[in-house]
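Here is a short report on one protein model and its ligand. Start with the ligand site, then move to a helix and a loop.

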Amino acid sequence: MRILILGAGPAGISVAEHLRTLQPDADQQADITMISAEPFPPYSPPAMAEHFLHGRGAALYWKGTDICERLQVDYRAGTEVRAVDPAAKRVTLADDTSLAFDELVIATGSRLYAPIDGYDLPGVYNFKSLTAAQELIAHARDGEVKSAVVVGAGFIGVEVALLLADLGLDVTMVEQQDRVMPGMLDAETAEIVGQALAERGVRVRTGTQAAAFAGNGRADALVLEPGEVIKGDAYVAATGVRPNLEFLTGAGLDTGWGLRVDDRLCTNIPCIRAAGDAVETRDRMTGERFVHAIFPNAVAQARVVAEQLLGYDTRYEGAESMNSLRHLGIPVIAVGSQAGETELKIRTGRHLRKINLTEGRIVGFRLAGDIRGAGVYRSLMLRRVDVSRYGDALLEPGFGSARLAGAVFSRAA
Ligand SMILES: Cc1cc2nc3c(=O)[nH]c(=O)nc-3n(C[C@H](O)[C@H](O)[C@H](O)COP(=O)(O)OP(=O)(O)OC[C@H]3O[C@@H](n4cnc5c(N)ncnc54)[C@H](O)[C@@H]3O)c2cc1C
């Protein structure tokens, strides 16, 4: 069987790795070819900041730079897919050659989505990939760029602003909504994150709409909605992501914002499966279908795809919504819904624990300063355990202790 994996991000490489783990016997193994448009070994985007700051290649190349040799995967870096012909079972590459497959896995991830005029001007950077980020980092290091304006305070924008501040840049971040990370953080947790950003030297302007990157051939200003102009040596767009699916035009695959798949992660064409940021999946808690562009979802989906390819009828349990901030100086984690019918809360300064409940069950939580208990809360939430009897005791960081968690789980079972 010839399996062709498009993309070598966390989803693509995890499919290959699970396939080999499930089929360790060399004479039974499928032929695996994996391609990536980028010229690097498979890497982990969340580790880019560590890599740029501390040169930690081990974190970036999370599976090792020789992973494809070890897995006996025919890896073709710097190879871009341009079209898929499901009937002929072939893909066409940018150099006009083609590759045949019996089974195809689409794991092409996502790229910057920037609905702002001038986003494609030279001088506007993004951190959606190693290729995209490298040039700005090089300019920051050689002193050519001393200040940056970051548009968008989602989790990628926040991570990028912290990285640039750590590299010594003067950083301004603008966000159209009234708080940082509005998709994941309630106002109170966002305020804690905003304060920590300010202490790290990042100037945050919320409620500020960017209208356009402006400049003659190169961006030299960010124009805001009422006409104010902000200047920096460099501009970063961190306004969102959109799936890389252009090469599927005319292929007959069912796509919305992302590629549509069922709970087996199969597309509407039986020999084509998909995983990661390219895919719309069902939210495990709410049942809504959308692109859940985070690392753990990509890896969990890859496992299902690999099992399906080898004939196991595994179903995907659904995607999770969660974010954590690792470089802020204080730990912050946000999981599930921002609000429920009721809220349990305790706050001392920057230590905040907030749990949202609906019908006695956890539907989301936010922890800042001390994130102990996050694993237990998440598990209770996913298992839909009725926790109403615990009241405020749920907020204790020690609620995660083995004894109490054991009691909760055995009662729930
Ligand atoms: C700066 C940054 C920080 C992040 N931090 C976190 C975090 O802390 N926690 C978290 O959970 N998530 C984080 N994420 C999100 C996480 O990285 C993604 O959800 C994850 O990488 C998705 O994996 P993927 O394999 O689907 O896609 P990607 O990682 O985007 O990989 C896509 C692959 O497809 C290839 N490709 C694309 N188009 C083509 C084409 N036409 N032909 C051939 N190959 C193609 C690319 O070269 C790449 O190899 C972060 C992302 C970024 C950018």
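## Ligand between two domains

Domain 1 (2-111 + 242-309) and domain 2 (114-239) both supply residues to the shell around the ligand, so the ligand lies between them. The domain bounds come from an automatic or database domain assignment. The model is predicted: local features need pLDDT of at least 70, side-chain atom pairs count only at pLDDT 80 or more, and totals for chains, interfaces and linings use all residues. Residues are numbered from 1 along each chain as its sequence is written, and side-chain values use heavy atoms, with hydrogens and water left out.

## The shell

The ligand is surrounded by 32 residues. The closest are Ala11, Ser36, Val81, Asp277 and Phe295. By class, the shell holds 18 nonpolar, 9 polar and 5 charged residues. Here Ala, Val, Leu, Ile, Met, Phe, Trp, Tyr, Cys and Pro count as nonpolar, Asp, Glu, Lys and Arg as charged, and the others, Gly among them, as polar.

A polar backbone atom of Val81 sits 2.9 Å from a ligand nitrogen. For Thr108, a polar backbone atom is 3.4 Å from a ligand oxygen. A backbone N or O atom of Phe295 is 2.9 Å from an oxygen atom of the ligand. The protein covers 91% of the 1,000 Å² of accessible area that the ligand has on its own (Shrake-Rupley method, 1.4 Å probe; for residues, only the protein chains shown count as cover). Elements giving two or more residues to the shell are α1 (10-22), α6 (155-166) and α8 (295-309). α8 gives the most, with 3 residues.

## Helix α7

Helices (H or I, at least four residues) and strands (E, at least two) are DSSP runs, numbered from the N terminus. Asp186 caps the N-terminal end of α7, with a side-chain oxygen 3.2 Å from the backbone nitrogen of Glu188. Buried residues in α7 are Glu188, Thr189, Ala190, Ile192, Val193, Ala196 and Leu197. Buried means under 20% relative accessible area, exposed over 50%, partly exposed in between (1.4 Å probe, protein chains only). Just after α7, Gly201 has a positive phi of about 95°.

## Asp262 in its loop

Asp262 lies in the loop between β18 (259-260) and β19 (272-274). Its relative accessibility is 32%, so Asp262 counts as partly exposed. The Asp262 side chain reaches the backbone nitrogen of Arg264 at 2.8 Å.

Note on methods:
Near = heavy atom within 4 Å. Polar contact = N/O pair within 3.5 Å; in protein donor to acceptor, adjacent residues only side chain to side chain.
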